[in-house]
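This report describes selected local features of one protein model. Please keep the sequence and the structure in view while reading.

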Amino acid sequence: MTSKRPKPLFKVAAEFNVATQSIVDTLNDNGFDAANRPNFKITPEMYVALDEVYGEDKAKSADHEKAREEYESRRSQMMNQRNDSVTIDNVLEPIEDSIGLEPEDKTADLEPEDDGSKDEADLEPEADLEPEEDQEEDEKAKAKKKAEKEAKEEEEAKKKEAAKKKEEEEKKKAEKEKAEKAAKEEKEAKEKEEKAKAEAKAKKEKSKDTEAEEDSDSDSEDEDVKDSKEDEEEEEIIRGAAGKLKGTKVLGKASFTSDIADKKKRKTRKRRKDRKDDSSSKKDDSSSKSRKTSKKKRKKKTEIDETDVDKMMRETMKKMQSSKTVGSKRSKRRRERKEEREEELQKQAELEELESDIVETTEFITANELADLLDVGVNDIISVCMSIGLMITINQRLDAGTIELVAEEFGKEVEFIDAEELDEELTIPEDEEEDLHPRAPIITVMGHVDHGKTSLLDYIREEKVAAGEAGGITQHVGAYQVVHNDNEITFLDTPGHEAFTAMRSRGAQATDIVILVVAGDDSVMPQTIEAINHAKAAGVPIVVAINKMDKEGVNPDRIKAELSEHDVIVEEYGGQVQYAEVSAHTGQGIEDLLEKVLIEAELLELKANADRRADGVVLEARLDKGKGIVANILVQGGTLEVGDPFVAGPCYGRVRAMENDRGKRIQKAGPSTPVQLMGFDDMPQAGDKLIVADDEKTAKEVASERMQIRREQAMRSTKHMTLDDISRRLALGEVSELNIIIKADVDGSIEALSGSLQKLGTDEVSVNIIHTGAGAISESDVLLASASDAIIIGFQVRPTAQARKLAEEEEIDIRLFSVIYDAVDEVRDALEGLLSPEIKEQMMGVVDVREIFKVSKVGTIAGCYVTEGKVERNNPIRLVRDGVVIYDGEIDALKRFKDDVKEVTSGYECGISIKGYNDIKVGDQIESYKITEQKRTLEDSAG
Ligand SMILES: Nc1nc2c(ncn2[C@@H]2O[C@H](COP(=O)(O)OP(=O)(O)OP(=O)(O)O)[C@@H](O)[C@H]2O)c(=O)[nH]1
């Protein structure tokens, strides 16, 4: 079968049942240019060439695949058993499996299930009794064993000539059929038969001995029988057993557990292996035939065995069926099962009854809603509240405590859930299997600071981001889609694992695979371990990228060893984690990495239904001066279209316009596509789930209900704020709280910061994030801080002039950062009362950009006016637009008229150009600052 589309190498290798290297070698020998990469594309021409060489092997490949699956499932079954009890048999298992892989294949060829079903068709009662495959197999195994056992007992006593003849006839028939298939094969079969006969003589002796010793596990297994001569004899024996079996009572006694059956299977397999060894060594001695021929022969032998065993089993089944004892046993079992089923149903009913006592709701529902929920009159609710000293009105929203109390009065238990989970009108029905189609994997890159996450993403999407970021740190969650070898991959650009966790905590898991970046010149670091733990907790597979391979002294082996200590075991070390050695600078190994990601994705069989109402997750949101509220959305299911009404957390809207990750307007976005969406009524938060509603009215209703609940929650949660300065409280040894307001450039940064800061809380000091928001620090932020004794942390943002003034008046501490870790460190130090020497930033001057000049070759020159302090050419600068830092860099040229100058002081005009940055606009501010190292004082730390 030739495919019209190119196929990846690893698939073709599996199809042909050949090593990838062999495929590559063959292709190269045939004049193709092939590389041994798992995803290397095999063109139809190559395929034809391969088919010529490996066609024969390919014929077996379908079975191979099936056998592999069976092998895998059996292996995992055995692994489970091994965990239960470690026996010598168990310990021997892996070796047997690996050696016995071929016989396993044959087992698959034999298709015991099919045979069983045929039997069932023939033998009705059996079909009734054995609906489950496992039981069927057990039954068969038992039956086979019984038959065998009886047969062995009768072995010397009875010889049934008729049966023998019949068997021989059938055998001949089978051989004839094979002869028809291929004359060549027949020849081989004959050769084999002769040879087998010779072998059998020796074996017969041996097997008799063995069987005498182990009568109960006397090789009922199909694949166990090793040669035709032996088969003949065994079949003979079966016939002999027929009469005996009819009246057997032993069946009632012998109740094999699956464990025993399995053990026996293992035993027989082991012995088979031994025998095989024997015979193969004999073969080696006696014959100089090629390996290929002997392989074929062995295969043929098994085919004969299959027919024989099949027959044998049918016989046994018939006998069992006709047995009275068996029948009564079965009806007893049937009764038992019926009872079990009834018991289960009863348990389920009880559970349902119990569950009906639990009501699900959100906090802050009104008294009226609670009455509906509890199925009582609202007056009853009000009177219960009165009895506990609460005067409420019908429309009053109740907090969790009150709801719980009231519900208890009516004998119900309350389970509080997210407002989002309650909106039934928005729930998307589960997708039908046939509607699901493959989708692009969504990848999160995680790793320790500076191990090269941003650089890696940059390289992959061939754009530069790291250069424009303050401190080279990834500061917000973005998403990008790349195409690799015709396969799409969606990358989420997160600041370490914080955003990943923040999103997950809201039930929004947006990641399919984690690329764990570890710098090859460094080692596994704390954040690497955290990332591993986060990925594991989320059940997301990891692909390891050992980065910076271009550097001298990198030691990937050490890193692999270190990773294995944290249960990330790469394939090379016997694990299942894929890894690639890469350099984000030179691009080395990145192809390989992407291929491994795609393989991992293929294993996950990621699918989505594009043909339904869309849903997705908000990655970040911000206010754009021109566009209004813009949110970065990752569509997870369905297709999002311009014009769709939607709800996202407590916000709603209609898709006004969408842009893809390259800034291009698009009309539709399917699963795994990141888009910038315009059309929100309010600013959603990262992690909010977006769901398309049937109409805008529904969307609005749902959103406003959620908004009310959130407002209520926000109001009540900030009610009890009482906080003095941290260090004083610490000194007094009081339990204290640190209230923080976070303002940042984008929502992703807020998520990252608040997650990290909240974690700093200890038993003594807890950290409360009382308000967060994107954009400049405003007057209302300062007022809130003043009302709740909070400090304000500004990340990549600046206070407005009024806010700055108000903060001074109210003595509010505003701390500005450009690097997340600095903010975290500073708060941690404050909480711990540490006064360590620190690098501090000192603002030197502020200039307003009043005019812009574009000069060819030079770039943009900003005509500026220094409003505060002074600007020095050698000091770093920041470009601030609408209170948000948009660039951190250096001055290229500082001029007064036409002259280069070293500094310009307040009240003077000057011309400034920024190194590597030309997008300066009128109205921007340039801040000049200086880094100083200083000893922190108590006053500093107290703010
Ligand atoms: N030689 C070499 N340097 C690299 C490579 N990848 C990244 N770097 C450098 O390592 C430093 C950190 O890289 P980033 O990409 O900013 O690292 P990150 O993990 O995103 O760091 P954070 O955003 O701070 O968490 C930068 O100076 C990069 O130039 C690489 O493959 N080879």
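Two strands are taken to pair if DSSP finds at least two bridges between them. Helices (H or I, at least four residues) and strands (E, at least two) are DSSP runs, numbered from the N terminus.

## Basis of the report

The model is predicted: local features need pLDDT of at least 70, side-chain atom pairs count only at pLDDT 80 or more, and totals for chains, interfaces and linings use all residues. Residues are numbered from 1 along each chain as its sequence is written.

Strand β16 (residues 645–648) pairs with strand β17 (residues 651–659) in the antiparallel sense, over 4 bridges. Within this pairing, Phe646 has Gly653 of β17 as its bridge partner. The hairpin of β16 and β17 has 2 residues between the strands, and Gly649 adopts a positive phi near 60° there.

Strand β16 is also joined to strand β21 (residues 689–692), by 3 bridges, and these two strands run antiparallel. Opposite Val647 stands Ile691 of β21.

## Helices α17 and α18

Helix α17 (residues 367–374) packs against helix α18 (residues 378–387) at an angle of about 110°, and their axes are 8 Å apart. Axes are lines fitted to C-alpha atoms, for helices over the stretch in contact, and angles run from 0 to 180 degrees between N-to-C directions. The two helices, α17 and α18, are therefore roughly perpendicular to each other (65 to 115 degrees).

On the α17 side the contact is made by Ala367, Asn368, Leu370 and Ala371, and on the α18 side by Val378, Asp380, Ile381 and Ile382. Two residues are in contact if their C-beta atoms, placed from the backbone, lie within 7 Å.

## Helix α28

In helix α28 (residues 779–787), the residues Asp781, Val782 and Ala785 are buried. Seen down the axis of α28, its buried residues fall within an arc of 95°, so they line one face of the helix; the arc is that of the directions from the helix axis to the C-beta atoms. A residue is buried if 20 or more other C-beta atoms lie within 10 Å of its own, exposed if 12 or fewer, and partly exposed in between. After α28 comes Asp789, which has a positive phi, near 50°.

## His484

His484 lies in strand β7 (residues 478–484). His484 counts as partly exposed because it has 16 C-beta neighbours inside 10 Å. Not counting residues up to four places away in sequence, His484 touches Ile489, Leu594 and Leu598. The C-alpha atoms of His484 and Glu591 are separated by 8.2 Å, although these residues are 107 residues apart along the chain.

Methods:
Parallel < 35°, antiparallel > 145°, perpendicular 65-115°, else oblique.
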